Amino acid sequence: MQGKVLVAATSKGGAGKSTTIACLAMYWRGVGRTVALVDCDPNQTLTRWHAKGGALSQLPLRTQLDEHAMIPTIAELADEHDLVLVDCAGFGNQAMVFAIGAANVVLIPVMADEANVFEALRTRKVVESASRLTRRPITARTVLSRVKRAAVVEHTRDQLAKRGLEPLTAQMNDRVLFQEATFYGSSPTVLDPASSAARDIAAVAIEIEPLLGLAVEPVVSPAEAEVSPVT
Ligand SMILES: Nc1ncnc2c1ncn2[C@@H]1O[C@H](COP(=O)(O)OP(=O)(O)OP(=O)(O)O)[C@@H](O)[C@H]1O
Ligand SMILES: [Mg+2]
């Protein structure tokens with residue numbers, strides 16, 4: 001497999017997996033990388049957004065609900081693309097385990113509450129088991145998602161760090177544009193490249209690139225990366 005595989009997973013529903021995958025996909029496409037999507041969530045959220053005919057529909061997407069076809073599907077796409085981004089269901093299932101087994105990096109979105117941290121821990125344990133099973137390192141990072149208030153997020157960040165859940169410095173703040181983008185099957189990077197939401201995504205993407213082993217220099221020109229205050 002030439003391409004790198006990023007999987008968004010957490011057994012906590014609604015934490016921001018599909019949003020993160022859609023937005024990262026459009027960011028990396030925007031800097032000139034080839035990107036393919038895999039939706040292995042029976043609810044098919046990403047597949048629905050993709051079908052709206054917006055910017056997301058320009059990317060190849062495979063809806064793969066047969067867990068036994070997961071690894072061949074990812075391998076096939078990774079042969080032909082720089083990046084394969086996989087969106088998992090909001091509950092632990094076998095498809096998630098296989099996707100994690102094929103991942104270079106697993107991104108675990110976490111909202112700022114105890115239940116999210118608990119499910120992040122469970123998901124990280126799946127990553128550890130998959131890593132042992134496949135006898136290769138699989139990197140896992142948490143990313144704070146849908147962040148509303150700075151004070152609460154700092155506490156969650158501490159909790160994650162204490163449990164070895166390694167939160168990214170960049171975070172996905174709660175912004176209306178992330179929600180709006182889903183109706184258009186698009187992403188902030190495309191709808192409003194100068195927006196705070198687009199800057200959030202760029203910052204997350206740029207922090208993940210070295211973990212994936214991607215060249216640090218983006219292929220075209222990067223959006224300015226910074227962690228923006230919540231608006
Ligand atoms: N950073 C954000 N700011 C505002 N709204 C967000 C953000 N991230 C996600 N949302 C909204 O929260 C909801 C859940 O997000 P999303 O579907 O990405 O989560 P998920 O983890 O994929 O959920 P599921 O477990 O059901 O698959 C959606 O309505 C989405 O638009
Ligand atoms: Mg989802």
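In which sense do E2 and E3 pair, and over how many bridges? I looked this up in what is a predicted model. E2 and E3 pair in the parallel sense, and three bridges join them. I noted leucine 37, whose bridge partner in E3 is leucine 61.

Next I looked at how helices pack on the sheet. Helix H6, residues 150–162, touches strand E5 (105–110) and strand E6 (139–147). I recorded an angle of about 165 degrees between the direction of H6 and that of E6. Helix H9, residues 196–212, also packs on the sheet and touches E1, E5, E6 and E7. Its direction makes about 145 degrees with that of E5.

I then wrote down the sheet as a whole. It is open, has seven strands with parallel pairing, and its order reads E3-E2-E4-E1-E5-E6-E7. At the edges I found E3 (61–63) and E7 (172–173); each has a single partner strand, so one side of each lacks a neighbour in the sheet.

I turned to E4, residues 83–87. On its E2 side, strand E2 (residues 35–39) pairs with E4 in the parallel sense over five bridges.

Last, I checked burial along E4. Leu83, Leu85 and Asp87 are buried on one side, and Val84 and Val86 are buried on the other, so both faces are covered. Five of the five residues are buried, and E4 is therefore largely enclosed by the rest of the structure.

Note on methods
Residues are numbered from 1 along each chain as its sequence is written. Chains are lettered from A and ligands numbered from 1 in the order in which they are written. This is a predicted model: local features need pLDDT of at least 70, side-chain atom pairs count only at pLDDT 80 or more; totals for chains, interfaces and linings use all residues. A residue is buried if 20 or more other C-beta atoms lie within 10 Å of its own, exposed if 12 or fewer, and partly exposed in between; C-beta atoms are placed from the backbone. Helices (H or I, at least four residues) and strands (E, at least two) are DSSP runs, numbered from the N terminus. Two strands pair if DSSP finds at least two bridges between them. Two residues are in contact if their C-beta atoms, placed from the backbone, lie within 7 Å. Axes are lines fitted to C-alpha atoms, for helices over the stretch in contact, and angles run from 0 to 180 degrees between N-to-C directions.
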